Amino acid sequence: MVKERRIKRFSDNTGKMLGAVALLMAAVLTALLCDGLIRLSKECRTMSLKQYPVSQEETVDRVVYTDHLYYDHGFVLRIPPNTADPSVLVRNLLDDIPRYVSADLFNGIVAYSALICTVAALFLYGLSRDDPKKHLLLILLTPPVFAALIAGLTWGVSALCGLRLPFPSGVGSDFFFIGLLSLMAGSCAVGLLLRAAPHKKIAAVILIPVVLFLMMWANKEEKALFVPASTSTETVSMVESTGAEERAAAGREAAKDDKALSTVLTALFPFSGCDLWLVYDDALEISRWGVTLIMVKNAVWFALATVLMTRSRRKLRRRRAAA
């Protein structure tokens, strides 16, 4: 009994420490995002106040948004020669920047939160150790609340700097909601693993580098989930050589292998779909089978968490009744 109490106390202390680390990571993330937005707002203000002369040569200027972690988005202003009113082009670019940056910001928060939620997993378990239903509720609520708090803080800072960011629209909005659901599904998987693991402290610590590694690996392979946004038909008059034909065949085989690996990773990795925006390209769009696979994977983890944690609750009630 004394040994069990010591183990429980040790696990509780570890969970609190990891919870504090997760909060520190969230604070650092928020500070980095805010710093990137403040720098961008200063560059935009400088560009808006600059007087671009009418020139016989093309004038080029740029501003950069970076979150100091992954995103580094440059916005280039090109003023053609002899443009009568360069201020119109400047104003159009400055009007477009918040829309693109908001998609980077919101989707970046979701992607980065996968690791932070994994770090905080043992703390959430400690808050609801004997109540699986409460644990499930915490798992499902923490990602959206967490993302909303960081997004709200960064949005407030950007607004104070004069850079009013709208909520993402179009593709940015779609990827945000897919990523948020994937983040919740991944958190369900981590929570189930912790409840099942006999040595929860060790499991919680090991999961952190494992999730980070798999996120980085999956990010490289998720490109295969995308297809060209617009397909063009090319007519080939002749094949120059057998070697060219063989290289084309080898390329098709490599693409098949990439798609197969991507499919396996997407189906098996609970957090897959969180970072789709990181590999998104304007010339690409995610395929329907890719979206379907991610949503089915998310639904499976939601169902598993609901069924297994509800069953655990019933078992606990029977055990208490028997005692």
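Helices (DSSP runs of H or I, at least four residues) and strands (DSSP runs of E, at least two residues) are numbered here from the N terminus. The structure is a predicted model, in which local features need pLDDT of at least 70 and side-chain atom pairs count only at pLDDT 80 or more, whereas totals for chains, interfaces and linings use all residues. Residues are numbered from 1 along each chain as its sequence is written, and side-chain values use heavy atoms, with hydrogens and water left out.

A search of the whole structure finds four salt bridges, a salt bridge being a side-chain nitrogen of Lys or Arg within 4 Å of a carboxyl oxygen of Asp or Glu. Side chains of opposite charge can pair when their charged atoms come close. One of these bridges joins the side chains of Arg39 and Asp35, at 2.7 Å from N to O; both residues belong to helix 1 (residues 2-49), where they stand four residues apart, about one turn of the helix. Arg39 is partly exposed, with a relative accessible area of 46%, and Asp35 is likewise partly exposed, at 27% (buried means under 20% relative accessible area, exposed over 50% and partly exposed in between, with a 1.4 Å probe and protein chains only).

Lys50 forms a salt bridge with Asp61, with 3.0 Å between the closest N and O atoms. This pair links distant parts of the chain, since Lys50 lies in the loop between helix 1 and strand 1 (59-66) and Asp61 in strand 1, 11 residues apart. Lys50 counts as partly exposed at 38% relative accessibility, whereas Asp61 is buried, with a relative accessible area of 19%. A further salt bridge is found between the side chains of Arg78 and Glu58, at 3.7 Å from N to O. Arg78 is in strand 2 (residues 72-79) and Glu58 in the loop between helix 1 and strand 1, so the pair ties together parts that are 20 residues apart in sequence. Glu58 is partly exposed, at 46% relative accessibility.

Helix 4 (residues 132-160) and helix 5 (residues 171-196) pack at an angle of about 150°, with their axes 9 Å apart; axes are lines fitted to C-alpha atoms, for helices over the stretch in contact, and angles run from 0 to 180 degrees between N-to-C directions. In the contact (heavy atoms within 4.5 Å), residues of helix 4 including Pro132, Leu136, Ile139 and Pro143 meet residues of helix 5 including Leu180, Leu183, Met184 and Arg195. By class, this contact has 10 nonpolar, three polar and one charged residues, where Ala, Val, Leu, Ile, Met, Phe, Trp, Tyr, Cys and Pro count as nonpolar, Asp, Glu, Lys and Arg as charged, and the others, Gly among them, as polar.
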